[in-house]
Amino acid sequence: MQETGAFLLGRKTWQIHGGAFERMAGDPFADALNAMRKYVVSSTLDSASAWRNSTIIRGDVVGAVRQLKQQPGKNILVDGSSVLVHLLAQNDLVDEYWLHVYPLVLGNGKRLFPPGKRLDLRLIEASPLPTGVVFTRYRRAES
């Protein structure tokens with residue numbers, strides 16, 4: 001969180017997170033999220049007032065994200081938002097992937113990476129956590 005300056009979220013994830021964290025005043029993690037700048041990608045929201053410090057991105061999402069990435073500051077973090085993550089990956093807008101790999105096989109579910117898109121990644125960090133979850137961090141490989 002110390003390296004994060006803003007969140008970029010799809011509408012569903014933004015609504016879920018905002019509905020939970022906005023009501024948790026006094027919790028250090030919730031307070032940090034609530035204070036942080038948030039950008040929600042949506043073509044249906046009329047207002048972003050449900051979660052403080054939020055701005056709606058609509059229309060040219062790729063162009064808007066490129067502009068955000070050009071601004072000075074800390075990292076922009078995406079959490080969940082599977083449709084948005086595919087759009088970002090398809091347009092080479094993800095610099096690093098910070099992944100938590102859980103020791104659980106479901107057999108199916110949402111795909112992190114878009115079908116047909118080749119991503120060359122380089123492992124930067126891998127750390128097992130006491131729960132059995134493994135934190136991994138990948139960066140796009142240099143061309």
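Setting aside neighbours within four places in sequence, K38 is in contact (heavy atoms within 4.5 Å) with F7, L33, W51, R52, N53, S54 and T55. This is a predicted model, where local features need pLDDT of at least 70, side-chain atom pairs count only at pLDDT 80 or more, and totals for chains, interfaces and linings use all residues. Residues are numbered from 1 along each chain as its sequence is written, and side-chain values use heavy atoms, with hydrogens and water left out.

- K38 sits in strand β2, residues 37-41; strands here are DSSP runs of E with at least two residues, helices are runs of H or I with at least four, and both are numbered from the N terminus.
- K38 is buried but has no salt bridge, and the nearest side chain of opposite charge, E22, is 6.1 Å away.
- On the cut-offs: buried means under 20% relative accessible area, exposed over 50%, and partly exposed in between (1.4 Å probe, protein chains only).
- A salt bridge needs a side-chain nitrogen of Lys or Arg within 4 Å of a carboxyl oxygen of Asp or Glu; for charge, Lys and Arg count as positive, Asp and Glu as negative, and His and the chain ends are not counted.
- What the K38 side chain does reach is the backbone oxygen of R52, at 2.9 Å.

**Salt bridges**

- The structure holds eight salt bridges.
- One of them pairs K117 with D92, the closest N and O atoms being 3.2 Å apart.
- E96 and R137 meet side chain to side chain in a salt bridge at 2.8 Å, N to O. E96 belongs to strand β5 and R137 to strand β7 (residues 134-140), so this pair ties together parts that are 41 residues apart in sequence.
- E96 counts as partly exposed at 23% relative accessibility, whereas R137 is buried at 18%.
- R118 and D120 form another salt bridge, with their closest N and O atoms 2.9 Å apart. There is also a network: salt bridges with shared partners join E96, E125, R137 and R139.
- R118 is exposed, with a relative accessible area of 68%, while D120 is partly exposed at 42%.

**Loop residues and phi angles**

- Most residues other than glycine have a negative phi.
- N53, one of the K38 contacts, has a positive phi near 60 degrees. N53 lies in the loop between β2 and β3 and counts as partly exposed at 33% relative accessibility.
- S81 also has a positive phi, near 55 degrees. S81 is in the loop between β4 (75-78) and α4, and is buried with a relative accessible area of 8%.
- D60, in the loop between β3 (54-57) and α3 (61-70), counts as exposed at 55% relative accessibility.
- From D60 to E96 is 36 residues in sequence and 22 Å in space, C-alpha to C-alpha.

**An exposed leucine**

- L104 lies in the loop between β5 (96-101) and β6 (121-128).
- L104 is exposed, with a relative accessible area of 60%.

Definitions and conventions. Polar contact = N/O pair within 3.5 Å; in protein donor to acceptor, adjacent residues only side chain to side chain.
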